[in-house]
Amino acid sequence: MYLKRMKDSSLNCYASVNEEDALERAAEMDRERMNPERGEKKRSLLHGIPIAVKDNICTKNTYTTAGSKILREYRPDFDADVVKHLNKEGVVVLGKTNMDEFGMGSTTESSAYAPTSNPWDESRVPGGSSGGSAAAVAAQLCAASLGSDTGGSIRQPAAFCGTVGLKPSYGRVSRHGLLAYASSFDCIGPITSSVEDAAILMDVLCGNTGDDNNSNLDAKYFDSSNNNSSSSGSSSFTDAIVSKENLVDVAAPLKGKTFAVIKETFTGLDEKVSASVMESIELVESLGAKVHEVSCPTFLFGLPAYYILALSEASSNLARYDGIRFGVQDYLNMDLVDSIKSSRFEGFGAEVKRRILMGTYTLSEGYSDAYYKRAQEVRRLIYAEMTQHLQTYDGFLTPATSSLAYMKNENQEPLAMFTGDLMTVNVNLSGLPALVIRSKDSADENNTLLPSGIQIIGKKYGEAELLGVGHIIEMFSAERKLYKDAFPEASLF
């Protein structure tokens, strides 16, 4: 069913499709289900579930290009840790989803393999850089997908496409096998059609194979005695998902919770997005939670600090793609310097070249103190301010984006593209988890219904509590009909 939809789709969600492997894997999972000798073995909830993987996450013997021509022939000989965990649970990987080249972009238009369209309106972008992953889930071209988030690349597409996107705490999920953009920011997380699905995937993604020390961090923080973690003390994210029938207080399921709304996030916000987010905040209050407005003076400093730091790291990380160590080897018959120049000039797109140049400049002698060092100081200030507020509040409520999904070719100016990340980058700077769920849909000037999202920012390693709160908001949002579904076959609950 999914493969047929993919063939019929004009959205360009996938960079590559593993049709033969997917059918073979699905048949294998069917045989396991029918085997009476294995009938008593408890199968995973993900057994046989078709999932898509972003094209910058390594999958063994499958093209992994990160949306770039320089890696068009790269087929890794290993699986990323998260893919290993998924395979162990019996998932069927349908293919690799389209993305902005090396994750550098907010629209999926910088992909070397043509842009992806938004399923709600094909004249609009799905967001980026995980636009292919979010669009595939929204259009039901997979049951769920994996994305990566460096400055909002899971959450912004999730808001534009009306899906759920979770950016975990930095270090919660192993990034072994993720092609690096900015190593101190990069996170892998799920994009799904419901919060419950995100919790199921998180249970698997947080498995530990021992290949990466980053995946060991969650064990020592996943304890209810730690104030930074979920208060449930559970070893499973799905235990935080409570159905309406099992809520202790159906009338006020969020009673006792207190959330902060960051005043600065509503500056320059699109009116329709503002109204949508306010509807969701009012819903949170009606469910028993207290909501206070707070000021975070460092909030607006996050965007310039993020781009200085992320581009500096990118210029270093992408130095390996020279056509000798990594990258297509089309120019090896040249002089060494000419070979490297030609490989990078032909292999990288305009946006990647621009960011490498900017990052190299900020790290150059005489400028690193003025830019890079000061940006690191701002990063510490943002972390201190956000964590200080989280000692008083259970989380922040903010818009996920400053506008509805852009029209294609609308944000071609680099600075305009950068400002699209205003609502999300502070979360990456501080290493906190954040969940985006759908808020009230809005109609554009052509009366086309478009989704938007509300972002819930939690305490570090508090993903379970974040998912529990998000599930409650999602359930009651559906009841109050704050949003409609543009895809009749979809089912959230």
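User: How do I read strand pairing, and how many bridges join β7 to strand β8 (residues 290–294)?

Analyst: Two strands pair if DSSP finds at least two bridges between them. Here 5 bridges join β7 to β8, and the two run parallel. Strands (E, at least two residues) and helices (H or I, at least four) are DSSP runs, numbered from the N terminus. This is a predicted model: local features need pLDDT of at least 70, side-chain atom pairs count only at pLDDT 80 or more, and totals for chains, interfaces and linings use all residues. Residues are numbered from 1 along each chain as its sequence is written, and side-chain values use heavy atoms, with hydrogens and water left out.

User: Which residue in β8 stands opposite Val261?

Analyst: Glu293 in β8. On β9 (residues 395–399), Leu397 stands opposite Val261. β7 and β9 run parallel, joined by 3 bridges.

User: What handedness does the β-α-β unit of β7, helix α8 and β8 have?

Analyst: A crossover is right-handed if, with the strands pointing away from the viewer, the path from the first strand over the helix to the second runs clockwise. The unit of β7, α8 (residues 271–286) and β8 is right-handed.

User: How do I read the faces of a strand, and which residues of β7 lie on each side?

Analyst: In a regular strand the side chains alternate between the two faces of the sheet. In β7 (residues 258–262), Thr258, Ala260 and Ile262 are on one side, and Phe259 and Val261 on the other. Both faces are covered. Buried means under 20% relative accessible area, exposed over 50%, partly exposed in between (1.4 Å probe, protein chains only). By that count, 5 of the 5 residues of β7 are buried.

User: Is Glu293 buried or exposed?

Analyst: Glu293 is exposed, because its relative accessible area is 58%. Its place is in strand β8. Contact means heavy atoms within 4.5 Å. Not counting residues up to four places away in sequence, Glu293 touches Val261 and Lys263. Glu293 and Ala260 are 33 residues apart in sequence, yet 5.6 Å apart in space, C-alpha to C-alpha.

User: What is the strand order of the open sheet?

Analyst: The order is β1-β3-β2-β4-β6-β5-β10-β13-β9-β7-β8. That is 11 strands, with mixed pairing. The edge strands are β1 (14–17) and β8, each pairing on one side only. β1 runs antiparallel to β3 (residues 92–97), joined by 3 bridges. Ser16 stands opposite Lys96 in β3.

User: How do I read a helix crossing, and at what angle do α6 and α15 pack?

Analyst: Axes are lines fitted to C-alpha atoms, for helices over the stretch in contact, and angles run from 0 to 180 degrees between N-to-C directions. Angles under 35 degrees count as roughly parallel, over 145 as roughly antiparallel, 65 to 115 as roughly perpendicular and the rest as oblique. α6 (residues 195–205) and α15 (residues 463–479) pack at about 160°, with axes 9 Å apart. So α6 is roughly antiparallel to α15. In α6, residues including Ala198 and Met202 meet a set in α15 that includes Leu467 and His471. Of the 11 residues of α6, 8 are buried.

User: What about α9 and α12: at what angle do their axes cross?

Analyst: The axes of α9 (residues 302–317) and α12 (residues 369–390) come within 9 Å and cross at roughly 125°. Therefore α9 is oblique to α12. Among the residues that meet are Ala305 and Leu309 in α9, and Tyr372 and Val378 in α12.
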